[in-house]
Amino acid sequence: MADPAEHPADLPACPSAQGSGSGLLPPELRGWMLLLAATGAVEQRLRSVVKDRLDVSHDEFLVLCLLAEQPGQGLRMTRIAELLGRPKTRLTYQIACLQHAGLVTRQSVCGDKRGVEVALTDKARRLLREASGALAETVTAALDHVMGPEQCAALSGLLPATEARTEAAADAAVAAAADAHPGPSTGPADA
């Protein structure tokens with residue numbers, strides 16, 4: 001079977017994004033299903049970009065993303081496991097792989113024998129900066145594939161670029177409507 005990430009046009013749009021809300025599901029559950037579809041689409045498309053650009057697995061990439069949001073400090077491994085919903089044993093393996101690649105450091109937390117804090121290295125920060133454009137484009141394309149303008153508008157608070165796309169789509173819709181239904185002209189020919 002072909003990889004859907006290679007042929008995204010072959011995938012049907014998300015049913016939750018198409019529905020008019022007349023189905024059996026309450027709006028909250030329809031919204032949740034749309035979020036799941038969006039998450040799945042983003043993860044599916046990001047996997048190959050992350051592997052090509054950063055040479056890490058998708059799960060390792062998620063760890064890097066969490067750490068990237070902690071400027072000048074790290075996160076405890078227990079907190080990373082909690083935020084990602086991952087077992088601590090699996091996270092320990094992922095952190096070891098990232099450390100071996102030179103992307104994270106880990107150190108004991110002062111005053112806690114069992115606590116371990118993980119932080120990004122300068123190498124990881126550089127790689128994330130270099131890959132950020134391709135990663136952002138990948139997320140945008142995946143969301144555009146499963147969400148309509150209304151859903152993208154709802155996400156605009158979380159994804160600033162989504163707001164710009166939503167505004168551009170709204171402007172294009174207004175322009176298309178004006179072209180399709182031109183109003184009375186007030187130009188010189190009417191004088």
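Glu82 and Arg79 sit three residues apart in helix α4, so about one helical turn separates them. Keep that in mind for the first exercise, and remember that you're looking at a predicted model.

**Exercise 1.** Find the buried residues of α4, and say which elements they pack against.

*Solution.* 
- Helix α4 covers residues 77-84, and its buried residues are Met77, Ile80, Ala81 and Leu84.
- Check their directions: the arc they cover around the axis is only 100°, so they end up on the same side of α4.
- Then look across from that side.
- Finish just past the end of the helix, where Gly85 takes a positive phi of about 65°.

**Exercise 2.** Go through the salt bridges elsewhere in the model: how many does the structure hold, and which residues form them?

*Solution.* 
- The total is five.
- One of them joins Lys51 to Asp55, where the closest N and O atoms are 3.4 Å apart. Lys51 is partly exposed at 44% relative accessible area, while Asp55, at 56%, is exposed.
- Another links Glu130 with Arg126, again at 3.4 Å from N to O. Both belong to helix α6 (residues 122-146) and are four residues apart, about one turn of the helix. Arg126 counts as partly exposed, with 38% relative accessibility.
- There's also a network of salt bridges, and it ties together Asp59, Arg86 and Arg90.

**Exercise 3.** Work out the strand order of the sheet and which strands stand at the edges.

*Solution.* 
- The sheet is open and has three strands, in the order β1-β3-β2, with antiparallel pairing.
- β1 and β2 (104-109) each have a single partner strand, so they stand at the edges and one side of each has no neighbour in the sheet.
- Now count the bridges. β2 and β3 are joined by six, and β1 and β3 by two.
- Pick out some pairs: Val104 has Leu120 in β3 as its bridge partner. Glu117 of β3 is the bridge partner of Gln107, and Arg76 stands opposite Glu117 too.
- Last, follow the chain from β2 to β3. They make a hairpin with two residues between them, and Gly111 in the turn has a positive phi of about 85°.

**Exercise 4.** Which residues make the nonpolar surface patch of about 530 Å²?

*Solution.* 
- The members are Leu25, Leu29, Trp32, Met33, Leu35 and Leu36.
- Take Trp32 as a test case. Trp32 lies in helix α2 (residues 27-54).
- Patch members need over 30% relative accessible area. Trp32 has 49%, so Trp32 passes and counts as partly exposed.

Methods
Residues are numbered from 1 along each chain as its sequence is written. This is a predicted model: local features need pLDDT of at least 70, side-chain atom pairs count only at pLDDT 80 or more; totals for chains, interfaces and linings use all residues. Side-chain values use heavy atoms; hydrogens and water are left out. Buried means under 20% relative accessible area, exposed over 50%, partly exposed in between (1.4 Å probe, protein chains only). The arc is that of the directions from the helix axis to the C-beta atoms. Contact means heavy atoms within 4.5 Å. A salt bridge is a side-chain nitrogen of Lys or Arg within 4 Å of a carboxyl oxygen of Asp or Glu. Patches are made of residues with over 30% relative accessible area and no salt bridge: like charges are joined within 9 Å, nonpolar side chains (Val, Leu, Ile, Met, Phe, Trp, Tyr) within 5 Å. Accessible areas come from the Shrake-Rupley method with a 1.4 Å probe; for residues, only the protein chains shown count as cover. Two strands pair if DSSP finds at least two bridges between them.
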